[in-house]
Amino acid sequence: MLLSPRVAHLLVRYRGRVALVWLGIGAVLFPPAARLAERLSVAASVTGSESAQVEDALVRRFASPFARYAVLTVEGLPSPTTLEGRARLTEITATTAAAPGVSRVFSFLDVRDTLFLGRDGGTFVFVGLAPQGGDADALFPALRAGTDSLRERLRSRHPGVQLSWTGDLALNHDLRETSATDVREAEARVLPLTLVLLVIAFGAIVAALLPVLAGAAAIALALGAASLLALHWPLSVLLQNVVSMLGLGLGIDYALLVVSRFRSELATGASPEQAAERTATHAGGTIAISAATVAVGFAPLLFVPATELRSIAIGGMLVVAFAALLACTLLPGALATLGHRLELGRVRPRRRADARASRWLAWSGWVTGHPVLTIALAGIPLVLLASQATRLGSDMPRGDWLPPTMESARGLHALERMGRGGVVHTLRIVVDLPANARVTDDAGWRAIRELGDRIGSDPRIARIRSLPAVVRGDRPNLMLLSMVPLDVRRSLASDDGRVALIEAVPAEGVEHRDLMRLVRELRVQSHPELAGIPDAVVQIGGMPAVSVDYQHTIARSAPMLVGLVVAGTFVALLLAFRSVLVPLKAIALNLLSVAAAFGAVALVFHDPVATRWLGMAEPLDGMFPLVPPIVFCVVFGLSMDYEVFIVARIAEARRAGFDDRAAIGEGLAHTGGVITGAAAIMLVIFAAFMVGDFVLMKILGFALAVAVAIDATLVRMALGPALLSLAGRWNWWPGDAQRARVPISSREAPAGEPDR
């Protein structure tokens, strides 16, 4: 629990060299951080899942120019059934086809299919994309520049014309851009407010600046490291949001603890170097334990085969590592150099430390004197709130939760106005025929036709697109097949004829969760039963299938996640405090904090009034699959942060000879102000991320803010001390149970707390 005094001495003595090392690390990592956004992926994927295998097959096995495609919606022009409409559509397709990275365009001009005719006169164009290296969604800035210029030319004759890009790839690009914008705006909102709160807390500008700088540095270093990793492993755009939220919170938390301890040591008459060494020894050890337990909360997400969750794990562990290392190695040396100049920029006289300590001691005395009553008063409301978590449900919420500012979201709405919104949610069924069958022979043709007819007969499906459906024949006809354009054939069957694609376009108005149910129904049938041919393999992909794979993967991984987090936390605290009861108590309280956060989410996001206050059009009637594992792991780790702060100080007082009740008072006196102040700042940080356009980030920001508020007040300041008081000397069994207690007549005043 203590950093080696020798190491602390070396860190302070050679602080200039330590600073140079950090400057070198910054020189390596800061430049890549600026390019992180363009390297992150938005496409949802579950490694090894059926939907991922379908996407891989479409790229590898089909020589189709539409293996990757986008949709360009066209509104405000004459119908393509008219001469004028065809002329304008020809102009649009020609301009689009000439854009870099476009492999093919496909529209009503190629096939007079009513699919391309919207009920309001609008139409759309399929645009095949073939990027020369890199991601296909990186093509969209140039594509949009071309259509923006074209739209301006068309508006002279058709003022109401609208051209909008949508589809998976366009959504991916826009979500990345919107995410980066939300992060920048959240940081711009929260940094000045955080600095103001720290100035109020410390009463001095220099002392307040250090935690903010530490948090900003931790974010930049973590983002730079993630940017380098993204060159080799796919990382999700969610990493950026999580690193920014947690980097500010944890960076400020750890720096706040270090600065507070340093001021406390200075108040005892120690020199700046001595105070910095003692700070590194005691606060550094506490931060190391805290960082380890927070990392334990993230690490199990690495074992879930979902890109988003693994990215959050990597981002969380990176930012907690950098925040802890900066606080333990660089900050003590900076404080030794600043010394008493830490108080420069004082905006008000310092308040008396003993007055603050006496308030916390009085509170501790009441809690330890009435532990059962305290547990009842604080615990019953939390249990009632936690009981609401059962209302969350496991289905995807209905409705449209895309940020309305995105062009791809507007394009999706344009398709819905045309009555063609299902185009984006198309199921893509890949049929791998046995070695003795081909799409173009009788058995293979019949299997593909009958499977398409069976799926198409479902009321949730509007139409089927397959090679038999295009040819419209019960049997293969080489003459009719030769009349089908080559790129259309290649988009529906592999060149060797062994693999066929069936596209099932959903009926208008069918909800995403209903399509997910259809995917599950189809998957429970055996492959020969589906295809009607022995040894055939049928796999289902598309957006609804990806959502099914996510739900299944997360539900299957939930017991493992909970088990690893709980076991890892228990081992980390057992090794740190040499106690069995302390980690058990911490785990129980953390689980209560997590459940209460879920309960608050259920109450607020299912309520129409509350959701309107949060800037949402309607309440949720389900929950996104990513929310429960993210909230559980992050909240569990953050809750342990404050647990370590307070228990470490209680254990330190216990080793110094205080009896159990007095040690609890010492722990609260020294850390109560730090914890509540840090929690207030972290709450502001999380709340800032609720203002953006992402509903997912609103939920995460709200859940984390509620969890921190609950944990830093009812749990750590009331329930935790009350349970420690009831357990008495058994708190430290087997490591310290028999240790003799030596009465102490005087206390070290917690002079270094923030000036509250």
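Guide: This is a predicted model. Strands E5 and E7 pair in the antiparallel sense, over six bridges. Within that pairing, Asp432 has Val499 in E7 as its bridge partner.

Visitor: What makes E5 and E7 count as paired?

Guide: Pairing requires at least two bridges between two strands. E5 and E7 have six, so they count as paired.

Visitor: Why are E6 and E8 said to stand at the edges?

Guide: The open sheet has four strands in the order E6-E7-E5-E8, with antiparallel pairing. E6 (461–465) and E8 each have a single partner strand, so one side of each lacks a neighbour in the sheet. From one strand to the next, the twist averages 20 degrees.

Visitor: What packs on the sheet?

Guide: Helix H4 does, touching E5, E7 and E8, and its direction makes about 100 degrees with that of E8.

Visitor: How do you know that the buried residues of H4 line one face?

Guide: The buried residues of H4 (50–60) are Ser51, Val54, Ala57 and Leu58. Viewed down the helix axis, they fall within an arc of 115 degrees, so they line one face. Their packing partners include helices H19 (512–523) and H21 (543–577).

Visitor: Why are H21 and H24 called roughly parallel?

Guide: H21 and H24 (627–656) pack at about 10 degrees, with axes 11 Å apart. Angles under 35 degrees count as roughly parallel, so the term applies to H21 and H24. Their contact has 16 nonpolar residues, one polar and no charged ones.

Methods: Residues numbered from 1 in each chain as written. Predicted model: local features only at pLDDT ≥ 70, side-chain atom pairs only at ≥ 80, totals over all residues. Heavy atoms only, no water. Buried < 20%, exposed > 50% of the residue type's maximum accessible area, 1.4 Å probe, protein only. Helix = DSSP H or I, 4+ residues; strand = E, 2+ residues; numbered from the N terminus. Arc of directions from axis to C-beta. Contact = heavy atoms within 4.5 Å. Axes fitted to C-alpha atoms, helices over the stretch in contact; angles between N-to-C directions. Parallel < 35°, antiparallel > 145°, perpendicular 65-115°, else oblique. Nonpolar A, V, L, I, M, F, W, Y, C, P; charged D, E, K, R; others polar.
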